[in-house]
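Got a minute to look at how two chains sit together? Let's go through it by question and answer.

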There are 2 protein chains.
Amino acid sequence: VTAAGDVSAARLARIALGRIAEPGQVALLESVHAHGAEVVREALLHDPDFGPRLRVAEPERDLEEASRRGLRFVIPEDEEWPAPLDDLATADALNRRGGVPLGLWVRGPLPLSALAGSIAVVGSRSSTTYGEDLAREIAAAAAEAGRPVVSGAAYGIDHAAHRGALSAGGTTVAVLACGADRIYPQRSSALLAHLADQGAVISETPPGGAPMKMRFLSRNRIIAALASGTVVVEAALRSGALNTASWAERCHRALMGVPGPVTSASSAGVHQLVRSGAATLVTSGAEVLEQVGAAGEHLVDVPRGPRRVRDGLPPDQLQVLEAVPVGVGAAIGSIAAIAKTTTARAEQILDSLERQGLVRRADAGWRLAVSARS
Amino acid sequence: VTAAGDVSAARLARIALGRIAEPGQVALLESVHAHGAEVVREALLHDPDFGPRLRVAEPERDLEEASRRGLRFVIPEDEEWPAPLDDLATADALNRRGGVPLGLWVRGPLPLSALAGSIAVVGSRSSTTYGEDLAREIAAAAAEAGRPVVSGAAYGIDHAAHRGALSAGGTTVAVLACGADRIYPQRSSALLAHLADQGAVISETPPGGAPMKMRFLSRNRIIAALASGTVVVEAALRSGALNTASWAERCHRALMGVPGPVTSASSAGVHQLVRSGAATLVTSGAEVLEQVGAAGEHLVDVPRGPRRVRDGLPPDQLQVLEAVPVGVGAAIGSIAAIAKTTTARAEQILDSLERQGLVRRADAGWRLAVSARS
């Protein structure tokens, strides 16, 4: 048996097990991770629950048929296997789902190993223009930094994320709950065709498999585990994006949330994530990159607002300026006393400040000019 | 010398020192806190910097005149002194300002001791309708919970906070940077008159003192120290409200920030506070009360979104429901296999789910009804 033969046998065993197990069926996936797919397949052949379906599975035929339709089945033994997915072996189960997938069905030319350092941009289908704009901006920033984008294929935030990455010439992949050969939702057909042509459409569900609620929940763990960090752009209180967020936490990935108006139901789920401390608040693509970067990489300047004239003043001038009242004039003697300087020196400085447009003569003294207020 | 005499001598010494020291002049305030006002006054009588002005101070006259104008001077020796202000003795200086104030000039009937447990609601003058609505809501919630509101007297968030507290029949006080007898800004005259009548207008600056930039910075420490927690509703990147936030941190008070659209400059400063971990994100008055409450007080239910029909389903029905695809019909045999039940039982359950409006017949099988999607 050659090494290629080993990989081939493992691949067929995993495809066969995929015919009897639902995505994310944690007990089975744990066994496979611990003992290998071939051992588990052998052991289950005579299991009363799994045996009958396992005995009629035809993994060679499944693989051939999938291959004819442009799909490949990537398994942990393959070089292109995305190593971050192995973290799912130790992440706690959620909703009775979890585990390293048996493999990933892939449609598209992108090797999955290229997803290292990717950023997941997820959110509600019921998104607002505000959320879509931000998803686009963040995905574009990720793409410009050379980081692939990972999302689902739903309308709303998912779509906006893919569009943003593509507009910046970046790589973007969709992870589906149904088979990677299926077009769901129908409105995403153009996007899925484009991704299959340029990037990758990925699924743990075998080809032909229907989109089911529990498969979405299992799918979310793949999105979170593939990416170095997950950004939740908009999510209502029961949005599936919060399930993806939970997976990002379980996998110890950076989890980020974009705030919005507290009056927007589409941001309520995100606010809860930030409030509880699970997610870091981010307001831009640059801040997202900072979070997922290695120490010292992509550090964002803390935004400081526009520089003001007064910032450059020497200490003695600043001291006098600070002694000038905001709304009403003060006499020069009073200003000098507060600034702890002589009247003569105060006069000199006030003249200079007036030339800089920072103070104005008022009443019988001086007051701040509008430009010097903050 | 009677006890009353002691208090009276201390009060006069503090008023006299207030004539030579700027609000928040930390070195002098530290001396007074350590040695008492009378000792410091005595020591400074012959100081070349302070002596001349100190020798001409007339604290008895100041007090009499202030009293005629309805002002009193509350000092640490008084029963109504708000004890939380003493935390300023140990809080680190900021912008070379800090310290326990010499005293507070007060206009209005409210005893300052009534400010225990108060909530500071602060923010930009350049506020939006969104921010003002939230400031009002939060202040009203504080008032309804019996907590006084503390703020400045600027237009924008400060005004909205006072209005919210008053609309809920609560107590609210304004802390000014100018003398408590002055009307600044002019647009706030009606508000200040009302507060002086019903609550209190407070200032560390002696009566008649003009509003100066550095007095605003000193004033902010009083707002933060008086309150149990500070909520920043809207603040641009260089807003003075961020200075108040710094003081809340220095005094180890609860610091909270209300998020907004990341596209709103008025929320940028708040987002920075939350992002850095300095402030906790809050989205409602109830969440503010939870933060400032004692352990177990005012606990907010984690918002969960509307309850859905599927939440109440027994496990076997839920298992079948989860096996029904979202967008396209699946045959009953396939649904039964995934749900690990018999075709007969699956049929029975699907009929029941159909009556509950959760599934629909489609193609040659079943699919989810719109109401069952999430």
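Q: Through which surface do the copies meet, judging by the interface residues of chain B and chain A?
A: This is a predicted model, where local features need pLDDT of at least 70, side-chain atom pairs count only at pLDDT 80 or more, and totals for chains, interfaces and linings use all residues. Residues are numbered from 1 along each chain as its sequence is written, chains are lettered from A and ligands numbered from 1 in the order written, and side-chain values use heavy atoms, without hydrogens and water. Contact here means heavy atoms within 4.5 Å. Since 100% of chain B's interface residues are also interface residues in chain A, the copies meet through the same surface.

Q: Which parts of chain A does the pair of A:F73 and A:W105 tie together?
A: The A:F73 and A:W105 rings are 4.4 Å apart centre to centre, with 40 degrees between the planes, which counts as tilted. Strands (E, at least two residues) and helices (H or I, at least four) are DSSP runs, numbered from the N terminus. A:F73 lies in one strand and A:W105 in another, 32 residues apart in sequence, so the pair ties together β1 (residues 71-74) and β2 (residues 104-107).

Q: Is A:W105 buried or exposed?
A: Buried means under 20% relative accessible area, exposed over 50%, and partly exposed in between (1.4 Å probe, protein chains only). A:W105 has a relative accessible area of 3%, so it is buried.

Q: Over which ring does the charged end of A:R187 sit?
A: A charge sits over a ring if NZ of Lys or CZ of Arg is within 6 Å of the ring centre and within 35 degrees of the ring normal. The charged end of A:R187 is 3.7 Å from the centre of the ring it sits over, that of A:Y155.

Q: How many of the 11 residues of helix α11 of chain B are buried?
A: Among the buried ones are B:S266, B:H271 and B:R275. Helix α11 (residues 265-275) of chain B is largely enclosed by the rest of the structure, because its buried residues number eight.

Key:
Rings of Phe, Tyr and Trp (its six-membered ring) pair if their centres lie within 6.5 Å; planes under 30 degrees apart count as stacked, over 60 as edge-to-face and the rest as tilted.
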